[in-house]
Structures are given as C-alpha cells and as structure tokens.
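The following note sets out several points on charged side chains and their surroundings. Please read it alongside the sequence and the coordinates.

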Amino acid sequence: MLKLIIEKELRETIGSSRFAISFGICALLIILAFYVGARNYQVTRAQYEAALAENLRQMEGITDWMMVDQHIFLPPLPIAALVTGIANDIGRTVEVHGRGELTAEGSRFNEDPLFAVFRFLDLDFIFQIVLSLFAILFAYNAINGEKEQGTLRLTFANAVPRATYILGKMAGTFLALAVPLLIPLLIGCLLLILLGIPLNGGDWGRLALIIGAGLLYFGVFLTLSIWVSALTRRSASSFLLLLILWLFAVLIIPRSAVLLAGRAVDVLPIDEIATQKSRLMAQLWEEDRKVMANFRPSQTEDTEAMLNEFNQFMQDQAEKREQKLRALSERLEEQRRNGERLRERWALWLARLSPTASFSLAAMNLAGTSLMLKQQYLDAANAYQERYAAFIGEKTGGMLRSGGFVVRRIGGADNQPPPIDPREIPAFDYQPPPLPEAAATSLADIGLLACFNLLCFAGAFVGFLRYDVR
Amino acid sequence: MLSLLIQKELKSIIASPKFVGTFGTCAVLILLSVFIGIQEYRASMTQYETARQLNDQEMAESSSWSALHTRVYRQPDPMQIFVSGVHYDIGRFSAISEWEEIKLRRSNYSEDPIFAIFRFIDFSFVVQIALSLLAILFTYDAINGEREQGTLKLTFANPVPRVRYILGKLIGSWLGMVIPLLIPILLALLLVLLYRIPLTADHWLRIFLLIGFSLLFFTFFLALGLLVSARTRSSSVAFLLLLVGWVTLVLIIPRAGAMLAGQLVPVPGIAEIDSKLAGYSQERWDQHSEAMSQRYQERNAVTAGMSAEEREAYEDANMWAWLEEEDAERKKLQQDISEYGRKLQEDFRNRRAIQEQLAFILARFSPASAYQLAAMQLAGNDIDLKTRYEDAMQAYRTIFNDFLDMKRKESGGHSGMRISISSESGINISTGGVDAQSLDLSEVPRFTPPDYLLSRSLGRVMPDLVLLVLFTVLAFAGAFVGFLRYDVR
Amino acid sequence: MQNNAVNAGNDRPSAPVLAARELSKRYEDGVLALDRLNLQVQSGEIYAMLGGNGAGKTTAINLFLNFIDPSEGEALIGGIVTHRDPIAAKKQVAFVSENVMLYPNFTALQNLDYFSRLGGRTGYTREDYRKVLLRVGLQEEAHAKKLRTYSKGMRQKCGIAIAILKDAPAILLDEPTSGLDPKAGLEFIALLQELRDEGRAILMSTHDIFRAKQVADKVGIMNRGRLVAEKHRSELEGEDLEKLYVAYMAGYMEAAV
C-alpha cells in the first residue's frame, strides 16, 4: 500500500508540466551557482596570485632584511567561493612587521562596491531561495489540492489508513523532488572538476555535508508545505500562507533578528579601543622621546658595536612600548569580545527561528566562512607573525623593523651587502578548520534543521489524521 | 460602466482574505524596515559622533603641529534609513596625515561581521523583494481566475467592451493595491518624525521621489501579473510562470549581471595596486636615502679639517637649514608618491568604471536593478559614494597639510627627531624644539562632507526612470493586447 | 472477472450488506443533518435515497464511508460498524461520487490501475482494464488519454469502472446521474442493473424521481435529515412517485409548521 502511494506520488509529480518547468529552472540555477562559484574562485585566485607576485617583486633589490615590508593576504579557498559567508566583508590584507598588533584591511566589498550593490550569487544563496521555493511549489496543495480535485474522497472510499497515506505522500514527494535535484548537484560538482578547481578530500566532504544540509533544508520546507496544506481547505490560501511564511523565513527573520538583537547588546565600540590605544601610544612615545634623548652609547670606538648597542636600545624601547600597548589592547579586546560573544549568541539564536538561518549558518561553518573566519584568520596571521619574526630575527640578528627606526650604515659602495632573496621569507598559508572540527561546529544547526523536519513532519502527520477529507 | 468595473474590482480586492494577508504583511514589513533603519541610523550617528569626539580629543592632546594628524569619518545620512546602499560595506574613515594615503578603511561590516552575515533589511529591500512578490500574488489570477470561476463568461454575456473591462481591471487593481500601501508608508514617515530624525527639505524631496519610484516599481509587477494572467488559461500555470519570472528578475539577473561583468572586464585587485605603490615608494625612498648619504658625506668633507668645537658650532649653525632642506625634499618625495598613487588609482578607477557600467547595463535587464540603482542614487548611497568621499578627503588632506605647514613655520619649532651617529661623537638623539604647549585647534580647517546635489541625483536616475516606465508600459500594453484576444470561454 | 458477491443470491433473504441503525449526525454548528436514519440494503438490491438539497443524502453516504463520525447510531457495511473499523469496512464498498474527479495528469488506464490497487486488487492486467472501460462505454481511443481532456460523462464512466474493478459487495453512489445527458443516463442505469444482477448491494442518492423509479428496488424519501417514507418497488407500481414525493414533502412541511 505504502509503496503504491509512493509510486503514484512519484509518477504524478514527475509527469506534471509544473515539474518540467520548475525543475528545469532549479537545475539551471544550481548549475549556474556552481559555475559562478568556480569562476569567482578563479578570478579571486588570480587577483591573489597577482598581489603575492607584486608583493615579492617590490622586495627585489632590497639589501636589508629590516627594510622588508611584508603583506599577507587571505587566500581564496574553493569552498569559500561557493559559500561566501563573511569572506567578502572582512579585511583580507595584513601588514606583518614581526611585532605589534595585526589588523586586516581592505574587504572585498569595500574595494569592489559593485559586488556590494547586488551581492554575490553563491551556492548558499541559490539553495536558500531555490530549494525552499521548489519545495513550496510542489507541496503547497499536497493535501487540499487532492481534496479540491475530488481524488481524496475517492481514495478514502478505499481501505487506506490515513497514516500510510500521509507517509506515502511525504516520502513520495520527497523522493520525486530530491532525487532529481541530485542530478544538477552532481553536474555542478562535475563542473568544478572540469574547471580545474583544486578540491581535496576534505573539501569534497564539506561539499557533501553542505549538500546534505541543503536537502534537510529542502525537507523542512516540504514538510512545512504539506503541513500547511493539511491545515487549510483551499490550495489558494495555503499557497498565499506559504509564500508569506517563505518571505519571512528566508528574507525577513534572519535579517531583522540579527539587527534587532544585535543592537540590543552593547559592545565596546571599536573607535573607543582605537582611540585609547592611540592615546597610550602617543603618551608612551612622548616618554620615550625623553629617554631616547638621554641615550649615550657606552663607547664610541667601535662603530659596529655602537650601532648594535643603539639598535638594541631602540628595540628594547619598542619592546617595552609594545608590551604596555598589548596589555591595554588585550584588556579592551577581551571586553569587546565578551560583548560580541553575547551579541552573537542572542542574534544568531533569534535568527535561527528561521530554518534558512540554520542552513546558512551550517553551510558557512562547513565552508569555513562563518563569523569565526575573522578571528581564525587573525590567529593564523599572528602565528605567522611569530614565525616571520623568528625568521627576520635570524637574518638580522634579532632586529625587527617596527622598532621605530631603521638604522642603516652609509658606507662606501665597496661593502654593499648583496640583495636579499625575498623567496626565503616564510610563506603564509591559511587553512580553514579541518573537516571534523567544521562538521562539529555545524552540528547544532544541522541538528536544528533535523528538528524542524521532525516538527513539521509531526505537524503534517497529526494535521492530516484530523483532516476532513470530504 | 468603467466606474462600475473599477468599483467591482476594488470591492473584490478589499474584501478578499488575500488582501488582508498581503496588506498586513506589507504594512508590517514596511514599518519594521523603517524602524530598523531608524535604529541603525541612530546607532551609526552615535558611532560617528563618538568617533569624532574621540578624534578631537586625541588631536587636542597632541602637543606639536608636526605630529598632528586626524581622521575623517564618513557622515551618516538620514536617507540610509530607507536605502542603506553601500553604506555599511565601504570604509568608515580615512586617516588624514602627511604620511598616509587617503583610503577608506574599516567598513561597518568588517568590524561587526555579525551584521554582514544575513545582510540588511531596509525599505528599498522590502519594496524590491516583498512588494513585488505580493504584487504578482495579487494579479496572477486577475483574468484567468475569473475565467475559471466562470464570472468572465457571465460578464461578457453583457454588452461590455473588452477595452473597458481591461482598463477597469488595471485601474481598479492599481487603486486597490497602491492606495492602501500609502497607509503604512505614511505611518513609517510618521515614525521618522516621531524619532526626530533631522530631515531637510532636500531629504523630504528625495523621500517622496523614492516613494514614487517604489510605487512605479510595484506597478510594474502588477502589470506583469496581469500580462501573464491574460496570456494563460489556468491560474496555476500563471503563478508558476510568474514565480519563475520573479526569481529571475529580482534575485538572479542583478547578481548575475554584476558577476558576469566582473568576469568580462577583469580589474586588478587593490592589493596588487597597493603593492605597486608600495614598491614605487620603497624605490623612491631608497633613492632618497642614497642622495642623503651623498649629502652627508659632502658635509662631512667640509668639516673634515675642523676641530671638534668648530665642527659643533658649524653644525649647530647649519643644522636647521639642513633639516629644512631635507624636509622639503621629503615633501617633494611624498608628493611624487601621492601623484603616482593617484595615477594608479585613476587607472584603476577607469577600468573599474567600465566594469561597473557593463554590470549596470546587464543588470538593468531587470526592473529590480533599475529600481535599486535609482533608490541608491536618490539616497546618495550609490556605488560612487566611496569615490566622492575619497576625492573630498583628498582635497581636505591638501588643505590640512598646508595648514600644518603654515603652523609649523609660524611656531618655528621643529619637532622632528634627529639622530646623529658618528664614530667620534657617538650617537646623539635630539628631539628638537618641542613646543609642548597645547595647540589652538580652533583654526584647523574642518572637513565638509561631499555634497551630492539633488539635481545630480535626478540626472543620474533618469535612465532608470525611463527604463521603469518603459517596462511598465510594455507590460500593460502586453496585458491589454493579450486580453483583447483572450478566449473568455 | 469473478464475482465474489453473487453467492448471496438474489431472492434469499439474508443479513443486509448495507445498514444504518439510528444513524444521526449533528454538525459542530448545531445543524442536525441526519436524524435517526434506519435503512437496509440487501445484496442484489438497489436502494435509492430520494430528496432535495440538504435532505441528508450526502451526509448518510459520508457516514457510510466514515468521512465523518456519527453523533449517534451506526452505519454498517457487511456487518462491520464503519466508524469502529473503517479500514475493514471500506474493503467491502466501492464509491462513485457526484462529480468523479481523478488525477488529471494520469491516463484512464493509469487511474484505473492506481485506484484498483489502492482498493486491494492487484491481479488485473491491462486487458482487464480495457474490457471494463469498454463495458462502461468508453471507446478504445480514449483509454490512453489524460483525464484532464475528459468530459464529465467520460469521467463518470471512469468512476464506475473503478467501482466495478474494486469488485466489492456494496456500492455507494452519490448523485451519479446528475449532469449526464439522457443517453449517458440510460446507459448508466443499465450498468447499475447489471451490477445489481451480479448480486451487489447498491445505495444511491438522487434527486431525480424518474431515475429512482426506473432503477430502484426500494426508494427512501428523505427530507431535512429524516427518512420520511420507504416504498418497495412493488408498492410503487401503480403510484405516481412524483405526487407521493411532493405530498410527503408538503406533509412534512405542514407538520413542521
């Protein structure tokens, strides 16, 4: 019996012209999303490579390691091109001196406001919009449509248990819609391979999980639609209701929840931090000026030793300033981070009233472009800075650039040191958190999506048991 | 006859549960969006004021003219309540000093990515996404629904000219949908007044124009619904088609247009440009220090034969002159670098302008983009906001630096640091004549935000206006012709 | 196809296949749609419920199919109380509605296949479907057409084909002839008589006096939820059913006033 109903559902869905049109368009959009993601990756990759090359080129001819001006960039990652998350919003370029606080500047949207005007077309967005609409379009009249058609009466003139019927209905609709969706998804993955996007095993795992989360998300809207159609008598009203629900779930709730909840929590303003730091800096500098004015080398015979002594002195001063600055900065940052964490918790949980927010957050976590990206990138940059400092220290005998001064010996041309080889500088690489970790952070959202599914499923089930089939 | 038809249309719209549902949703969304907009505006205003105050304090604490530097913040504009545009995406401020190039830094989104994660909701977003969807929800069955109901046949069993009927339908549904929309819009404006948002006459004019554009955009979707409804037999097919059309027009084409243009016209990344500039400046500084070392050697040659006292006296006598000279050279150098940077920028901007133009042309295949671009122009939050600010800041930087120069000359002191190292006298750090008194900052020129005249916005929105009108007229005409041929059975 | 129901025979009195006992239905809004209905339909018998709009005919059929639960009393199919065990009861009954609606995107054959399998009959071949469609008067060329291209009469025929295929001892028909042209109506009546002769118990509702008289073995006149008169075919022989109907209606009206 169940099989028969599923079979009928499959045949009825796939045989309809509605299916042909909307499936065709969904398929097209999904493939488009993959293509756009892949191309976008290639373009940003090219930009990234060009920036790296330019960065190296400008170091050519430098003869002193202390003169090196090192920049690191957030490397574009293939999965991040598919689910952009906040990757386009945060700063990408970090200037590394070997010491001092790092800030990432130059977000993509700031640099290319064109993309900020219309936003990106990524897989996350396409899934959010297309999968949910596709589900609604097919299931909005699952129950009340059959009633309007008159087939529900005829069906229940037979010995059909309601539970079997509704189970068959849901399973059949899900299969009829989700299985065909796998085709464009697979084509999309194939496209990634064909376009030569370098994806490793972990990336495929992420992609598979994102697609899985997408299907769960699709399931939420499917069961929700069946539920609504089991609560209403006319398919026109269930459609209206569902579209309004869709509008709220996909476009309104996530945005307004974050804005409303986010503003309700006070966070230490970033300008405040910047100003406090800059003030302390000015004050320290003022003090140091006096100390510096009193600097006298212990001996003046050996220029080399004297210079070293001076450099050491400047380094020590810089180190001291740096420590004081860091103490202040850490305190303020900690304060800000606490506020931010609280705000995130409120805002995101409120947003998760909508399954779209859950899906999107899960996808971002899996792609490594969630809110954590900013901190993770800075952490990676800080770790790099230590390596870089060690490297430069080794090259220059403990000297770093940010001591405030570069003291160069102006001698004859005879003892000109050879130019440095910038390729020796350790390379920066950013890796998103490994797959198990990403999967673990997205677990809450995937679980939530599953709960949404269960809830709507149960709702549809109970709703239909009570449905008036006349 | 026509008024009878219009009346019937109005009555049937207003009495339908669909109307209650959609109208309620619209009203809630419009009010919500404006409320959020007000909150956000106030938040950014507070942020702006605090930032400026802190900057002023910091300047006040500065003890010498030559160390004086400032930051200029982008000023929030009340129009962002309705259209946020790129306001939250582009940098908030730029440092103004001799040694830093103008660059808008730190967008709101990069500082608080939490707000970037699901993006913004504002009035123009609600109009673009929600109202358009609700408009097609309203008209998708305007004609074929009446056929399915059987009322179309009954109507045309009477001596009703088709032209009248379709006109009545158009006018009736327009009145029935647009007039009620004005209620939440007026309430939203009331909300703005209630919160005492400082609006000038110019702002009000922009707001009314924005509302006009919104209604025009809404009308387009009403007409589109009628068009499809008059060309299809069954209302479910009409809806399917309209929904597909809506997704394509509102969600896909604008983005796809931008992405396509981005790929057709590649523009180098800023990081690359910055690196180029950094490379150039490195090179110039190297040359400079090379020249300096030459000069030192020459000077040393002069004093070579002198005794220590003589040398000291000579150096003391000439030191400030030398410093002046070096200063002038440094200035020249910095100007050169700035010039080079400007050239690079110019190049970059030109390339990007082509990309943007192409993107906008492609995107404007959808009235949703035309509306969005027009709304941004009217609100002054358009894509050129960044350039406008950067240009104004550039101009201000020159004024500011000139002022500092003048002040430095007046005060006569020199606050630079001089470190002299020689094998005889060792290392000497002199911190110059410190003018440690507090500075009178009242004369420091103030930055005036770039103004964006309404007349200029108007000029810029013209193409979009023409496009929107054209789209709407075409859709109406299509609906009209379609209905004249419609099989009413 | 074999006929399971025939064994009961035509003339031997036995347990009724369809029965209503004190069957009542009061809706949530307080309207008493059916008031203590008692009726029995033996196998090989056609029972026509005759009445105007709102007489309670459709409510009775809905109760037999357990689309709604009775307020009091019970409806039985093959001795099974329908609201106690609706699944078992529905195995015993086929149903044809006033306006047969089937899946518009399926062909007649696909609809037949689906519904007969849903009714528990899995052994049919394509040939069986073809035969039954021909039997109900649907021409060969229409069999593979989608239902959305069908006229009302054709759909009605499809509906009766589905009922035949279910091969149940009881058949419920809700206004089956309304909206059919005279020729189709006649064919339909002939078909019903065939089914009766196979030994099925048939309960139909109708407001068409002439059809009722033509086909029914028993006629129950209903008004405002009540069975106001029940006449056997033999009692109807000489009488003018129309007069009788109007008289009962009028009498009831007077009584009500």
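1. B:E356 and B:R352 are four residues apart in helix α11 of chain B, and are therefore separated by about one helical turn. Helices here are DSSP runs of H or I with at least four residues, strands are runs of E with at least two, and both are numbered from the N terminus. The two side chains form a salt bridge with an N to O distance of 3.8 Å; the term requires a side-chain nitrogen of Lys or Arg within 4 Å of a carboxyl oxygen of Asp or Glu. Both B:E356 and B:R352 are buried, that is, under 20% relative accessible area, where exposed means over 50% and partly exposed lies in between (1.4 Å probe, protein chains only).

2. The model is predicted: local features need pLDDT of at least 70, side-chain atom pairs count only at pLDDT 80 or more, and totals for chains, interfaces and linings use all residues. Side-chain values use heavy atoms, without hydrogens and water, residues are numbered from 1 along each chain as its sequence is written, and chains are lettered from A and ligands numbered from 1 in the order in which they are written.

3. Over all chains, the count of salt bridges comes to 54. In chain B, B:R92 pairs with B:E111, their closest N and O atoms being 3.1 Å apart. Because B:R92 lies in strand β2 (residues 91-96) and B:E111 in helix α3 (residues 108-111), this pair ties together parts that are 19 residues apart in sequence. Both partners, B:R92 and B:E111, are buried.

4. A further salt bridge joins B:K8 to B:E9, with 3.0 Å between the closest N and O atoms. B:K8 is partly exposed, at 32% relative accessibility, whereas B:E9 is buried at 7%.

5. On the surface, B:E309, B:E310, B:E312, B:E315 and B:D316 gather in a patch of negative charge. Such a patch is made of residues with over 30% relative accessible area and no salt bridge, like charges being joined within 9 Å. B:E310 belongs to helix α11 (residues 308-363) of chain B and is partly exposed, at 46% relative accessibility.

6. Where is C:S97 placed? C:S97 lies in the loop between β6 (93-96) and α3 (108-118) of chain C. With a relative accessible area of 11%, C:S97 is buried. Leaving aside residues up to four places away in sequence, C:S97 touches A:R153, C:Q156 and C:D174, contact meaning heavy atoms within 4.5 Å.

How values were computed
Patch = residues over 30% accessible without salt bridge, like charges linked within 9 Å, V, L, I, M, F, W, Y side chains within 5 Å. Areas by Shrake-Rupley, 256 points an atom, 1.4 Å probe, with all protein chains shown as cover. Lys, Arg positive; Asp, Glu negative; His and termini not counted. Charge placed at Lys NZ, Arg CZ, Asp CG, Glu CD.
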